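Please look over the sequence and the model before reading on. The text below walks through the fold, its nonpolar cores and its aromatic side chains.

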Amino acid sequence: MMSIEPAKPMVFAGVYPSTWELKELKAALEKLCLNDNSVSLHKETSLALGQGWRLGFLGVLHMEVFTQRLEQEFNAQVVVTAPSVPYKIKMKYEKNSKRLAGQEILVSNPSEWEEKSVVSVYEEPMVLGTIISPAEYLSPILDICND
């Protein structure tokens with residue numbers, strides 16, 4: 001029997017209350033997530049912005065629509081951080097270090113970024129895509145791809 005895999009968020013942003021109370025924002029986010037189960041929701045604390053949530057979206061357009069709904073339907077005044085994508089970080093193997101030596105970690109929050117001295121490779125998401133198009137559009141499409 002076939003099963004449907006849950007949506008995998010690819011763009012992450014922090015949402016923090018500006019004039020709203022934390023409890024009201026939490027209730028609004030939970031109500032919106034009931035209608036849109038492709039959004040991931042995790043509590044987060046920022047030194048500059050305080051308590052908030054790290055939200056995962058399918059893309060930037062999805063994030064913009066979600067935040068607009070938050071403002072329009074709940075009249076929420078929030079601060080949304082710049083969107084980011086998850087990076088895979090391969091840690092260096094160190095004999096005397098017990099801290100993630102030789103492991104791969106997925107980082108979707110810039111505050112979790114590891115220093116270059118303990119990392120062997122940083123990997124960012126890439127897309128391998130196929131473009132099917134009539135021949136007369138090939139030259140403009142290649143120009144766009146090369147930009």
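What follows starts with the whole chain and then turns to particular residues.

The model is predicted. The protein contains three helices and seven strands, and along the sequence these elements follow the pattern β-α-β-β-α-β-β-β-β-α. The C-alpha trace spans about 60 × 50 × 40 Å along its principal axes. The radius of gyration of the protein is 20 Å, whereas a compact globule of 147 residues would have one near 15 Å. Of the 147 residues, 30% count as buried. The exposed surface comes to about 10900 Å², and 55% of it is supplied by carbon and sulfur atoms. Contacts across the sequence can be described too: among those between residues at least 6 apart, 63% join residues at least 24 apart.

The next topic is the interior. In soluble globular proteins, nonpolar side chains tend to be buried together. Here the largest nonpolar core has 17 residues. Which elements each supply at least two residues of this core? They are strand 1 (11-17), helix 1 (22-35), strand 3 (50-57) and helix 2 (60-74). Helix 1 gives the most, with five residues. The residues with the most contacts inside the core are Leu 25, Leu 29, Leu 55, Phe 66 and Leu 70. Another core, of six residues, lies apart from the largest one. Among its members are Met 91, Val 107, Val 118 and Val 119.

Ser 84 is found in the loop between strand 4 (78-80) and strand 5. Is this serine buried or exposed? Its relative accessibility is 17%, and because buried means under 20%, Ser 84 counts as buried. The side chain of Ser 84 is joined to that of Arg 54 by a polar contact of 3.1 Å. Not counting residues up to four places away in sequence, Ser 84 touches Arg 54 along with Met 10, Val 11, Phe 12, Ser 108 and Pro 110.

The aromatic side chains come last. A pair of aromatic rings is described by the distance of the centres and the angle of the planes. The count comes to three aromatic pairs when ring centres must lie within 6.5 Å. One of these pairs is formed by Tyr 87 and Trp 113, with 5.3 Å centre to centre and 90 degrees between the planes. Because planes over 60 degrees apart count as edge-to-face, this pair is edge-to-face. The pair links distant parts of the chain, 26 residues apart. Tyr 87 belongs to strand 5 (residues 87-91), while Trp 113 sits in the loop between strand 6 (104-107) and strand 7 (119-123).

Trp 113 also pairs with Tyr 122, and this pair is stacked, with 4.7 Å centre to centre and 5 degrees between the planes. Tyr 87, Trp 113 and Tyr 122 form one aromatic cluster.

Note on methods:
Residues are numbered from 1 along each chain as its sequence is written. This is a predicted model: local features need pLDDT of at least 70, side-chain atom pairs count only at pLDDT 80 or more; totals for chains, interfaces and linings use all residues. Side-chain values use heavy atoms; hydrogens and water are left out. Rings of Phe, Tyr and Trp (its six-membered ring) pair if their centres lie within 6.5 Å; planes under 30 degrees apart count as stacked, over 60 as edge-to-face and the rest as tilted. Helices (H or I, at least four residues) and strands (E, at least two) are DSSP runs, numbered from the N terminus. A nonpolar core is a set of buried Ala, Val, Leu, Ile, Met, Phe, Trp, Tyr and Cys residues joined through side-chain atoms within 4.5 Å. Buried means under 20% relative accessible area, exposed over 50%, partly exposed in between (1.4 Å probe, protein chains only). A polar contact is a pair of N or O atoms within 3.5 Å; within protein, one must be able to donate a hydrogen and the other to accept it, and residues adjacent in sequence count only if both atoms are side-chain atoms. Contact means heavy atoms within 4.5 Å. The radius of gyration is taken over C-alpha atoms; the globule rule is 2.2 Å times the number of residues to the power 0.38. Accessible areas come from the Shrake-Rupley method with a 1.4 Å probe; for residues, only the protein chains shown count as cover.
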